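Hi there,

Here is the structure I promised to pass on to you. Have a look first, and then read on for what turned up.

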Amino acid sequence: MDNKNYIKWLRSRVGNELILSPSVAAVIHDGNGRLLLQEKASGEPWSLPAGGIELGETPEEAVAREVMEETGYQVSASSVLGVFGGSSFRYRYPNGDQVEYVVTLFACKIEGGTGVPTDAETKSLRYFYRHEMPALALPYPLDILFGKY
């Protein structure tokens with residue numbers, strides 16, 4: 001069973017009820033210390049390039065795949081910055097689906113790519129300084145997102 005069929009199967013049993021989702025997110029900075037964020041095409045809040053870990057996939061593979069899909073960049077994950085979860089990482093999608101994420105946050109470095117997303121989830125990409133940050137979909141600590149910057 002692939003991941004899309006797995007999620008469809010799971011949702012057929014629980015509907016919009018809360019599910020736990022192992023996930024990943026990427027912290028990518030430019031040379032000026034600005035953080036790359038994704039504006040969702042759905043009108044949801046800004047977010048880090050992120051997504052769920054698919055069946056049979058390692059977290060490192062998942063973050064590389066998600067970043068490529070959502071940004072068009074090929075990245076390498078250099079370190080784990082933290083693992084986040086709990087009730088503050090609950091989210092309700094516009095369709096009513098509820099999820100509680102357990103997110104492994106990776107520091108990533110761009111190794112190549114076009115910067116053109118390969119899926120329809122992304123409306124735009126933009127780098128932000130800490131003082132410019134919009135509200136994010138999930139409450140990642142700014143001190144971790146901007147670390148050495």
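Predicted model: local features only at pLDDT ≥ 70, side-chain atom pairs only at ≥ 80, totals over all residues.

Residues are numbered from 1 along each chain as its sequence is written, and side-chain values use heavy atoms, with hydrogens and water left out.

**The cores**

The largest nonpolar core has 22 residues. By nonpolar core I mean a set of buried Ala, Val, Leu, Ile, Met, Phe, Trp, Tyr and Cys residues joined through side-chain atoms within 4.5 Å; buried is under 20% relative accessible area, exposed is over 50%, and partly exposed is in between (1.4 Å probe, protein chains only). Leu-35, Leu-37, Leu-48, Leu-105, Met-133, Tyr-140 and Leu-145 touch the most other members. Two or more residues each come from β1, β2 (35-40), β6 (98-113) and α3, with β6 giving the largest share, four residues. Helices (H or I, at least four residues) and strands (E, at least two) are DSSP runs, numbered from the N terminus.

Met-133 touches Leu-35, Leu-37, Phe-128, Leu-142, Leu-145 and Phe-146, not counting residues up to four places away in sequence; contact here is heavy atoms within 4.5 Å. There is also a second, separate core of 13 residues, which includes Val-24, Ala-26, Ile-53 and Tyr-127.

**Salt bridges**

The whole structure holds 10 salt bridges, each being a side-chain nitrogen of Lys or Arg within 4 Å of a carboxyl oxygen of Asp or Glu. One of them joins Asp-97 and Arg-11 (3.6 Å, N to O). This pair links distant parts of the chain, with Asp-97 in the loop between β5 (90-92) and β6, and Arg-11 in helix α1 (residues 3-14), 86 residues apart. Asp-97 is buried at 18% relative accessible area, and Arg-11 is buried at 15%.

Arg-90 and Glu-100 form another, at 2.6 Å, N to O. That bridge runs between strand β5, which holds Arg-90, and strand β6, which holds Glu-100. Which partner is buried and which partly exposed? Arg-90 is partly exposed at 45% relative accessibility, whereas Glu-100 is buried at 14%.

Finally, Glu-54, Glu-57, Arg-65, Glu-66 and Glu-69 are linked in a network of salt bridges. Within this group, the closest N and O atoms of Arg-65 and Glu-66 are 2.9 Å apart.

Ser-23 sits in strand β1 (residues 19-27). Ser-23 counts as buried because its relative accessible area is 2%. Its side chain reaches the backbone oxygen of Ser-21 at 3.1 Å, a polar contact (a pair of N or O atoms within 3.5 Å; within protein, one must be able to donate a hydrogen and the other to accept it, and residues adjacent in sequence count only if both atoms are side-chain atoms).

Thr-71 is in helix α2 (residues 59-71) and is buried, at 0% relative accessibility. The Thr-71 side chain reaches the backbone nitrogen of Tyr-73 at 3.0 Å. Leaving aside neighbours within four places in sequence, Thr-71 is in contact with Leu-36, Pro-49, Gly-115, Val-116, Pro-117 and Leu-125.
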